[in-house]
Amino acid sequence: MKLLDGKRALVTGVANRWSIATGMARRLHEHGATIALTYQGERVKGEVEKLATELGGAPVVECDVSNDASLIAARDTLERDFGKLDALVHSIAFANKEDLAGKVFDTSRAGFSLALDVSSYSLIALVDALRDSFNDGASIMAMTYLGATQIVPNYNLMGIAKAALESTVRYLAFDLGERGIRVNAISAGPIKTASARQVGGFSRILDVVPKVAPLHRNVTSDDIGDMAVFLASDLSRAVTADVHFVDAGYHAMGLFASD
Ligand code: 0WD
């Protein structure tokens, strides 16, 4: 008997094999969950279909979270082809590259709206579209980063978007608590993905963590996947409305000694 036997999980945000969502989908599947995947558009469809085959023929559904018609169409297809959901993984973010370096006061109104729409509002939009698809007791999780609450140079607008996302997690947890539905955020340490490379000076962040974090290493998408397994399972039945760090302990450091 596996931890997630009988559970159905929808995983968003797979773009390629390096995506954190790929590691999460793999781990959820290894622990017994049946997986469905959404993808943003034709550009990533092939990669997502490849992963779906590895995961026992998971349904693959197009869903652009910035488009209401796409959200509704995805919901209808999933209801027909997949059924009710026990877990939802939100692993989606976007900001223009120029807003991930330089000065925050240079951020344009349009850039701000785009980043907040895709990276923060999308959790509300997904939960709204899927509200009748969730089984009572389902688990919703969203990916965030330390830059939501601390200054991480260059993370800039994405830090602002993640702050909104973390707050959204808490309010959704309150709204959905009466159905036993839990909503949490996973705050991952830096992982080399296509999105991460858009952040100015990202490779320097990767170099710092093993030097100063209590566990002296970077994390992998498998590490994040294992937290996802816990959050999707009944072991976390009393855990909601929180941000869970999977970052080798980096977030807890207050002083970085030079050697
Ligand atoms: O260090 C890291 N990589 C960290 C990432 C540390 C902490 C948190 N995160 C977060 C990201 O902010 C994001 O929320 O984890 C989540 C997943 O990011 P990732 O795995 O690092 O990056 P990536 O593989 O690029 O996946 C993000 C995907 C997009 O990828 P591309 O590369 O195609 O932009 O988000 C999806 C898209 O597939 N996405 C959308 N999906 C649906 N509708 C949309 C959209 N409008 N826009 C982006």
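Predicted model: local features only at pLDDT ≥ 70, side-chain atom pairs only at ≥ 80, totals over all residues.
**Entry 1: a salt bridge in a helix**

I began with lysine 50, which is exposed, with a relative accessible area of 52%.

Which residue does lysine 50 form a salt bridge with? I found glutamate 47, with the closest N and O atoms 3.4 Å apart. Both residues lie in helix α2, which covers residues 42-54. They are 3 residues apart, about one turn of the helix. Glutamate 47 has 29% relative accessibility, so I logged it as partly exposed.

**Entry 2: other salt bridges**

I then searched the whole structure and got 11 salt bridges. I looked up some of them.

Arginine 80 meets aspartate 81 through their side chains, at 3.0 Å from N to O. Arginine 80 counts as exposed at 64% relative accessibility. Aspartate 81 is partly exposed, with a relative accessible area of 47%.

Arginine 131 forms a salt bridge with aspartate 128. Here the closest N and O atoms are 2.5 Å apart. Arginine 131 is partly exposed at 45%, and aspartate 128 is partly exposed at 39%. I also traced a network: Arg27, Glu30, Asp222 and Asp226 are joined by salt bridges that share partners.

**Entry 3: aromatic rings**

How many aromatic pairs does a search of the whole structure find? I got 2. I looked up one of them, tyrosine 145 with tyrosine 155. The ring centres are 4.8 Å apart and the planes stand at 65 degrees, so I wrote down edge-to-face. The cut-off for that label is over 60 degrees. Both tyrosines sit in the loop between β5 (134-144) and α5 (156-176), 10 residues apart.

Are these two tyrosines buried or exposed? Tyrosine 145 is buried, and tyrosine 155 is buried as well.

**Entry 4: charges over rings**

I checked arginines against rings next. The charged end of arginine 8 sits over the ring of phenylalanine 82, 6.0 Å from the ring centre. Arginine 17 lies over the face of tryptophan 18, and the distance to the ring centre is 4.7 Å.

**Entry 5: a nonpolar patch**

Which residues make the nonpolar patch of about 270 Å²? I listed Leu3, Phe230 and Leu235. Phenylalanine 230 belongs to helix α7, residues 221-232. Its relative accessibility is 31%, so phenylalanine 230 counts as partly exposed.

Key:
Residues numbered from 1 in each chain as written. Heavy atoms only, no water. Patch = residues over 30% accessible without salt bridge, like charges linked within 9 Å, V, L, I, M, F, W, Y side chains within 5 Å. Areas by Shrake-Rupley, 256 points an atom, 1.4 Å probe, with all protein chains shown as cover. Salt bridge = Lys/Arg side-chain N within 4 Å of Asp/Glu carboxyl O. Helix = DSSP H or I, 4+ residues; strand = E, 2+ residues; numbered from the N terminus. Buried < 20%, exposed > 50% of the residue type's maximum accessible area, 1.4 Å probe, protein only. Phe/Tyr/Trp six-rings, centres within 6.5 Å; stacked < 30°, edge-to-face > 60°. Lys NZ or Arg CZ within 6 Å of the ring centre and 35° of its normal.
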